[in-house]
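Hi there,

Here is the structure I promised to pass on.

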Amino acid sequence: MISVCESCEVTDIAVQSTGIAIHTDSAADPVIVDLVAIATGHLWPEEERASRQYFPSPWTGLMEARIAPCRVGILGTSLSAIDAAVAVVARHGVFHTEDDKTTHFSLHPGSEALEITLMSRHGVLPEADFYCPIPWEPLEIATPAALEAAIAEGSDALLDRIFELIVKELEYAAPDWSEAIGLRQLTPDSIADAWVCRPPHP
């Protein structure tokens, strides 16, 4: 059963012996449930308290704000941080997509002082994705037929046979990268650490 309470403010959540009680401003008695998911949404500051120098998220006024060309610090290096960076630079330049599908950004005159720094809270940069065509191109070596054949040989050393197919596929698709990572010297147990510390994919 699904119940929707419109214009309803939750005033308290309390754990009881019979379940979890949800108190609201629209009913005298609480609603008793087995599980509560607290989805608070984005943080929307009060209008009179909103700062024009600090934005808790891209959706707290940053999209509409007119940021002068200055030094901008963004806490985070992933999805929301990219949204915030794009929101700022969109006021100071234009993205161009060329015929070869590459994208470039051009600053407006007078915005040369704009500097944006994305700062990781944990000192770890996000993984740089490489281009992958969609729909995916079929594999050349680690094909479904090759995998089925490896499985048909039995469970003994099955992981090693599958891993060998994957290694050959990677060497075929990216030989320079495979050599740089030392792929031939890796095993199913050691590839995880090498993958995390790997050089950028070409």
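**What turned up**

Phe-105 lies in strand 6, and please keep in mind that the model is predicted. Phe-105 counts as partly exposed because its relative accessible area is 32%, and partly exposed covers the range between buried, under 20%, and exposed, over 50%. Phe-105 also belongs to a nonpolar surface patch of about 480 Å², together with Ile-82, Val-86, Phe-95, Leu-107 and Leu-118. Helix 1 (79-89) and strand 6 (103-107) each contribute at least two residues to this nonpolar patch.

Three strands form an open sheet in the order 1-2-3, and their pairing is antiparallel. Strand 1 (10-16) and strand 3 (31-33) are the edge strands; each has a single partner strand, so one side of each has no neighbour in the sheet. On average, neighbouring strands of this sheet are turned by 25 degrees against each other, direction ignored. Strand 2 (residues 19-24) and strand 3 run antiparallel and are joined by three bridges. Ile-22 sits opposite Val-31 of strand 3.

For the chain as a whole, I found five helices and seven strands. Starting at the N terminus, the order of elements is β-β-β-β-α-β-β-β-α-α-α-α. The chain has 202 residues, and 22% of them count as buried. Its accessible surface is about 15700 Å², with 57% belonging to carbon and sulfur atoms. Among contacts in the chain with a separation of 6 or more, 35% come from residues 24 or more positions apart.

Best wishes

Methods:
Residues are numbered from 1 along each chain as its sequence is written. This is a predicted model: local features need pLDDT of at least 70, side-chain atom pairs count only at pLDDT 80 or more; totals for chains, interfaces and linings use all residues. Side-chain values use heavy atoms; hydrogens and water are left out. Patches are made of residues with over 30% relative accessible area and no salt bridge: like charges are joined within 9 Å, nonpolar side chains (Val, Leu, Ile, Met, Phe, Trp, Tyr) within 5 Å. Accessible areas come from the Shrake-Rupley method with a 1.4 Å probe; for residues, only the protein chains shown count as cover. A salt bridge is a side-chain nitrogen of Lys or Arg within 4 Å of a carboxyl oxygen of Asp or Glu. Helices (H or I, at least four residues) and strands (E, at least two) are DSSP runs, numbered from the N terminus. Buried means under 20% relative accessible area, exposed over 50%, partly exposed in between (1.4 Å probe, protein chains only). Two strands pair if DSSP finds at least two bridges between them. Axes are lines fitted to C-alpha atoms, for helices over the stretch in contact, and angles run from 0 to 180 degrees between N-to-C directions. Contact means heavy atoms within 4.5 Å.
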